[in-house]
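The sequence and the structure are shown first.

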Amino acid sequence: MTTPMIAGLSLASTWLSGSAWRRADSQAERHHDVDLYVGLAQRAERACLDFVFRPDTVFLDPLSQAQGPGTSALDPTLLLTCVARATQHIGVVTTMSTSFQDPFHIARSLASLQTISAGRVAWNLVTGLEGQGNFGHRPFLEASERYRQAEESLQVVQALLRSYPADALRLDRDSGLYADTQAIRPIDHQGKYFQVQGPLTLPAGRFGRVPIFQAGASADGQSFAARFADAVFAAAPTLAVASELRTGLRQLAAQAGRSPQDVRVLPGLSLYLASTRAEAQDLFEQAHTHLDRPQRLAKLASILGIAVDGLPNDRRLGPEDFAAPTQPVRSRTHAELLLRRIASDRPTLETLLALPEVVSSAHWQVIGTPADVIEQVLAWRAADAIDGFIALPGGSLGSLALFLDQVVPTLQAAGALKTAYHDVGLGRVINQSPCN
Ligand SMILES: Cc1cc2nc3c(=O)[nH]c(=O)nc-3n(C[C@H](O)[C@H](O)[C@H](O)COP(=O)(O)O)c2cc1C
């Protein structure tokens with residue numbers, strides 16, 4: 001309880017999601033303007049957050065662009081490179097997919113950003129949601145096998161990051177020896193999914209290990225996280241889900257020979273904030289006006305992987321109303337969380353189609369005032385359900401400002417967040433240099 005938590009800010013333009021981009025003050029014109037994100041990261045650094053985080057996907061539905069920015073986004077590693085150049089302390093967590101990106105490219109990007117940021121990079125390792133049509137040379141494996149591929153990819157990336165150690169550099173002008181070639185070694189990896197000779201094309205390792213973030217929370221995802229992740233970006237709509245996930249991951253980590261506290265649970269914290277609850281509720285509703293009933297039904301069907309045409313309108317629903325998936329789901333984590341919510345709430349169809357898990361996300365959701373968020377964060381922390389969180393400000397940039405200007409300082413005053421860049425947990429792994 002005395003150790004501050006770890007807090008990150010998502011730079012994923014969540015404040016433009018749904019219909020929120022239509023607000024006069026949304027700055028939607030700047031969605032692809034790197035200076036917007038650099039400015040936000042600088043504000044997050046002034047607030048002493050541990051890291052900024054950029055999730056990413058590699059697919060775009062052209063029709064989605066009629067209604068909002070959707071999955072359209074700058075490349076996360078290029079964006080965070082600009083952020084790293086304009087900040088000194090804050091961690092930069094970039095996303096790359098083991099299903100679509102080759103380990104060599106991943107390792108090279110990480111080593112480059114690690115060097116450019118002087119040791120502040122972490123890798124959000126995703127197995128991907130969709131986008132296989134853009135990567136024709138490699139099949140998109142079924143969900144469990146994607147984790148086996150991810151394991152091999154991670155092994156190769158880590159071997160490549162060790163293959164040209166920074167201390168191999170000699171720069172001995174007198175003798176003319178630039179680097180110790182004995183220390184630079186090919187990795188000669190011959191695996192099921194990847195064949196990679198190595199070594200990496202630049203020295204790495206001067207700043208230590210690159211921490212790993214991970215998100216999928218199916219049984220396979222949890223097993224992966226427990227063995228390899230430093231932090232889990234968790235979809236946890238309730239305290240019970242977060243608590244169960246954290247307890248389970250800590251047990252699995254111990255079974256895998258790790259210290260339980262090595263895997264930190266950082267739920268996404270979706271925030272619709274205003275100075276009154278009524279205004280916050282308006283913000284949330286305004287942000288979700290874009291989805292009509294057929295679109296909500298289509299979202300429900302896509303999350304669960306089934307047709308939902310015949311659902312009754314006149315009674316409460318339970319898991320028994322939903323057949324097993326007939327098509328692969330994008331994310332088993334999201335399907336399982338939604339079914340869990342249906343089992344606990346037994347919603348009518350109308351209520352179901354208004355749930356955040358259907359219309360926006362399965363994240364921890366606070367629609368209210370800064371005091372409401374503070375109360376919930378302190379309660380989840382007191383219940384030992386979290387090691388921190390990743391803030392996802394929604395509805396407006398004002399929501400983000402309230403988070404940085406009011407929520408963070410109060411949590412700091414309560415000892416729940418750090419006030420300087422020289423301490424604990426993942427902060428120690430990511431932030432190598434103190435800020436004061
Ligand atoms: C909270 C959360 C965030 C995710 N973020 C991303 C992302 O940014 N990019 C991506 O390609 N996949 C993302 N994923 C998908 C996961 O990497 C994974 O591929 C998917 O959830 C399937 O794994 P599962 O079977 O364990 O759910 C995310 C999943 C979750 C639960």
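Leaving aside residues up to four places away in sequence, Asp-387 touches Met-5, Ile-6, Arg-246, Arg-250, Val-263, Arg-264, Val-265 and Leu-266. The model is a predicted one. Asp-387 is placed in the loop between α12 (370–382) and β13 (388–393). Its relative accessibility is 15%, so Asp-387 counts as buried, the limit being under 20%. With Arg-246, one of the residues that Asp-387 touches, there is a polar contact between the two side chains at 2.9 Å. Lys-418 lies 31 residues from Asp-387 in sequence, and the C-alpha atoms of the two are 13 Å apart in space.

The ligand is surrounded by 20 residues, the closest being Asp-56, Thr-127, Tyr-147, Ser-218 and Thr-333. By class, the shell holds 8 nonpolar, 9 polar and 3 charged residues. Both α4 (143–163) and α9 (332–345) supply at least two residues of this shell; α9 gives the most, with 3 residues.

| Side chain | Ligand atom | Distance |
|---|---|---|
| Ser-218 | oxygen | 2.6 Å |
| Arg-332 | oxygen | 2.7 Å |
| Thr-333 | oxygen | 2.5 Å |

On its own, the ligand has 610 Å² of accessible area, of which the protein covers 95%.

Technical notes
Residues are numbered from 1 along each chain as its sequence is written. This is a predicted model: local features need pLDDT of at least 70, side-chain atom pairs count only at pLDDT 80 or more; totals for chains, interfaces and linings use all residues. Side-chain values use heavy atoms; hydrogens and water are left out. A residue is near a molecule or strand if one of its heavy atoms lies within 4 Å of it. A polar contact is a pair of N or O atoms within 3.5 Å; within protein, one must be able to donate a hydrogen and the other to accept it, and residues adjacent in sequence count only if both atoms are side-chain atoms. Accessible areas come from the Shrake-Rupley method with a 1.4 Å probe; for residues, only the protein chains shown count as cover. Helices (H or I, at least four residues) and strands (E, at least two) are DSSP runs, numbered from the N terminus. Ala, Val, Leu, Ile, Met, Phe, Trp, Tyr, Cys and Pro count as nonpolar, Asp, Glu, Lys and Arg as charged, and the others, Gly among them, as polar. Buried means under 20% relative accessible area, exposed over 50%, partly exposed in between (1.4 Å probe, protein chains only). Contact means heavy atoms within 4.5 Å.
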